[in-house]
Amino acid sequence: MTDSHVLLDTTARTTEEMGALGSRLAAVLRAGDLVVLTGPLGAGKTTLTRGLGAALGARGQVSSPTFVLARTHPTSAGPDLVHVDAYRLSDPVELDDLDLDWDASIVVVEWGRGFVDGISDSVLDVEIIRATGADDTIAGDDLDPDDVPDEPRRVVVTASGPRWADATI
């Protein structure tokens with residue numbers, strides 16, 4: 001990322017705090033914004049997106065789009081929330097093939113690093129870091145991978161591009 005700077009470096013201690021961070025991000029987002037979420041399985045990417053969706057008034061359950069690749073949630077706040085999971089994609093062209101409305105939507109891409117280059121000149125990169133030795137086991141086959149037991153996660157939001165030059169979160 002060129003011209004990047006850290007907008008926020010914080011700790012989310014619980015899933016509620018991760019959701020609240022999503023709400024906090026929603027307050028600064030508008031149509032055309034691209035948010036890339038990075039972190040290991042169970043880091044809280046979908047939990048953060050749920051909080052963002054709740055704050056935007058997204059319709060439908062915001063859940064991991066791992067198998068459908070992308071979900072569009074109309075919102076009461078204006079632009080649609082498009083939630084993408086690039087984990088199963090092997091090439092950035094596959095992301096382009098999804099034919100997303102990048103300009104009129106707020107697009108959140110999990111596992112998006114390396115897949116969204118060139119899509120926008122302004123990006124919010126959210127890295128969620130779990131503590132070393134964090135428990136990677138998930139109990140139950142129907143549990144969302146991001147719904148793991150509470151443990152502190154460091155969240156670093158890095159902004160790049162002109163859209164975020166003077167932004168604060």
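The stops that follow concern charged side-chain pairs and their surroundings.

The model is predicted: local features require pLDDT of at least 70, side-chain atom pairs count only at pLDDT 80 or more, and totals for chains, interfaces and linings use all residues. Residues are numbered from 1 along each chain as its sequence is written, and side-chain values use heavy atoms, with hydrogens and water left out.

How many salt bridges does the structure hold? There are 6, a salt bridge being a side-chain nitrogen of Lys or Arg within 4 Å of a carboxyl oxygen of Asp or Glu.

Select Asp9 and Arg154 first. Their salt bridge places the closest N and O atoms 2.5 Å apart. Asp9 belongs to strand 1 (residues 4-12) and Arg154 to strand 7 (residues 153-160), so the pair ties together parts 145 residues apart in sequence. Strands are DSSP runs (E, at least two residues), numbered from the N terminus. Asp9 is partly exposed at 43% relative accessible area, and Arg154 is likewise partly exposed at 41%. Partly exposed lies between buried (under 20% relative accessible area) and exposed (over 50%), with a 1.4 Å probe and protein chains only.

Next, select Arg130 and Glu151, a salt bridge with closest N and O atoms 2.7 Å apart. Arg130 is in strand 6 (residues 123-130), while Glu151 sits in the loop between strand 6 and strand 7, 21 residues away. Arg130 is buried at 10%, as is Glu151 at 18%.

Arg153 is buried, at 6%.

Finally, select Arg113, Asp125 and Glu127, which salt bridges with shared partners join into one network.

Conventions: Helix = DSSP H or I, 4+ residues; strand = E, 2+ residues; numbered from the N terminus.
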